[in-house]
Amino acid sequence: MEAKTVHDRRSDDEKTAKSPVRVYVRGPVIVGAGPSGLAAAACLAERGVPSLILERSNCIASLWQLKTYDRLRLHLPKQFCELPLMPFPAQFPSYPSKQQFVDYLEAYSKRFDIRPLFNETVARAEYDSGVGLWRVRSAAAGEGEGEEGREYVSRWLVVATGENAEAMVPEIEGVEEFSGAVMHTSGYKSGEGYKGMRVLVVGCGNSGMEVCLDLCNHNARPSLVVRDTVHILPQEMLGRSTFGLSMWLLKWLPIHLVDRFLLVASRLLLGDTTRFGLRRPRLGPLQLKNLVGKTPVLDIGTLAKIQSGDIKISPSIRRLKRHAVEFDNGRIENFDAIIFATGYKSNVPSWLKEKNMFSEEDGLPRRPFPNGWKGEHGLYAVGFTKRGLLGASMDAKKIAEDIERSWKENSECDTTFASLLPPRS
């Protein structure tokens with residue numbers, strides 16, 4: 001990390017007003033210290049380009065460390081989840097645990113000497129066309145009333161806050177009336193405290209399915225709300241990971257034939273999922289992933305619990321009552337708790353004052369993969385591909401290569417230039 005506090009040339013009267021401390025950063029400013037931000041910083045460091053990571057939490061990979069359940073493992077084999085320039089340890093299992101993945105990221109940060117600034121929440125970032133620099137305003141935790149945080153100034157801005165920055169919870173009538181516990185999976189750790197309880201899990205993605213399984217294993221009585229069609233595939237088939245097998249087949253066959261193979265194999269291995277209220281989409285799993293980014297569920301035992309009746313399938317919720325849930329089909333059932341496995345969303349529109357690269361509706365790059373990593377005026381995005389860690393690694397490599405070119409041209413830039421920036425209210 002290379003940064004320099006710029007000499008403040010304002011008068012004493014101006015200094016008494018609330019204004020941020022300005023810091024000129026020689027390399028890129030990266031917002032977010034998740035796997036995507038770490039990958040970008042490592043790839044830059046490998047090319048001799050320093051960077052500064054701003055992280056709102058108090059640790060790296062805060063989503064993994066603070067907002068995931070205990071039994072979580074990588075859903076894909078480790079070779080598809082490693083970050084650039086450093087593989088997982090050979091002794092790690094094929095599907096590393098949550099703690100093993102965090103340990104890997106900690107070792108990754110240490111190897112590339114990545115030292116994020118923690119508790120720095122970016123409140124605003126915008127490009128100053130007058131001087132050709134990005135101004136990134138942060139609000140550090142624990143500031144006094146007379147301070148306005150810091151303003152980091154750089155030629156490059158890398159947005160690495162990702163697709164999972166904020167939890168999404170649907171608005172449901174009567175939620176304030178329901179007397180039981182209501183939470184998002186970001187607050188769920190284990191089914192240990194739910195023994196004997198009737199728990200409704202809303203959302204049938206990988207998280208919803210796995211939370212239901214965890215509840216079953218702790219002798220709870222879960223029901224799963226399935227609001228849409230879903231592809232369920234075995235995690236492994238023919239002795240290989242389903243994902244790895246798919247990637248290998250795509251080298252030789254068109255995507256629609258690979259999808260057909262996956263669906264036939266899944267039918268043979270898992271049976272007809274429609275019998276349990278789990279209807280499949282019309283598009284195949286890989287085509288659907290490419291088109292809208294919807295990930296198929298990789299089954300790790302949940303389907304067997306559904307088949308046995310240990311997990312019940314429920315339709316969409318109409319409204320909540322004090323002790324019960326009324327479903328769209330008119331059925332009313334009592335529940336002790338509700339867990340929303342309804343995913344996350346990007347928060348980029350709330351702080352990035354730019355309308356060309358990122359959509360204001362969903363906070364994702366407007367240009368689809370693989371062209372969404374680069375914007376204008378030194379703006380970049382990493383971790384928004386809807387292709388997991390593999391996609392983030394691809395973006396990180398491209399970003400580092402692109403920034404290196406302009407870095408060589410601007411590495412001798414005098415910080416006096418940044419000191420000429422007028423204060424921004």
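Are Tyr104 and Tyr108 buried or exposed? Both are buried, that is, under 20% relative accessible area, where over 50% is exposed and values in between are partly exposed (1.4 Å probe, protein chains only).

## Basis of the values

The model is predicted, so local features need pLDDT of at least 70 and side-chain atom pairs count only at pLDDT 80 or more, while totals for chains, interfaces and linings use all residues. Residues are numbered from 1 along each chain as its sequence is written, and side-chain values use heavy atoms, with hydrogens and water left out.

## Overall make-up

The protein chain contains eleven helices and 23 strands, taken as DSSP runs (H or I, at least four residues, for helices; E, at least two, for strands) and numbered from the N terminus. Of its 425 residues, 52% are buried.

Among contacts (heavy atoms within 4.5 Å) with a separation of 6 or more, 65% are between residues 24 or more positions apart. The accessible surface, from the Shrake-Rupley method with a 1.4 Å probe, is about 20500 Å², and carbon and sulfur atoms hold 49% of this area.

## Aromatic pairs

There are 15 aromatic pairs in the structure. Rings of Phe, Tyr and Trp (its six-membered ring) pair if their centres lie within 6.5 Å; planes under 30 degrees apart are stacked, over 60 edge-to-face, and the rest tilted. Phe101 and Tyr104 are stacked, because their ring centres are 6.3 Å apart and their planes are at 25°. Both residues lie in helix H4 (residues 98-111), three residues apart, about one turn of the helix.

Tyr104 also pairs with Tyr108, in a tilted arrangement with 6.1 Å centre to centre and 40° between the planes. These two are four residues apart in helix H4, again about one helical turn. Phe101 is buried as well. One aromatic cluster is made up of Trp64, Phe88, Phe92, Phe101, Tyr104, Tyr108 and Phe112.

## Salt bridges

The whole structure has 19 salt bridges, each a side-chain nitrogen of Lys or Arg within 4 Å of a carboxyl oxygen of Asp or Glu. Arg115 and Asp113 form one at 2.8 Å, N to O; Arg115 is exposed at 59% relative accessible area, and Asp113 is partly exposed at 45%.

Glu173 and Arg319 form another, with the closest N and O atoms 3.2 Å apart. Glu173 is in the loop between strands S9 (166-167) and S10 (181-184) and Arg319 is in strand S18 (residues 317-320), so the bridge ties together parts 146 residues apart in sequence.
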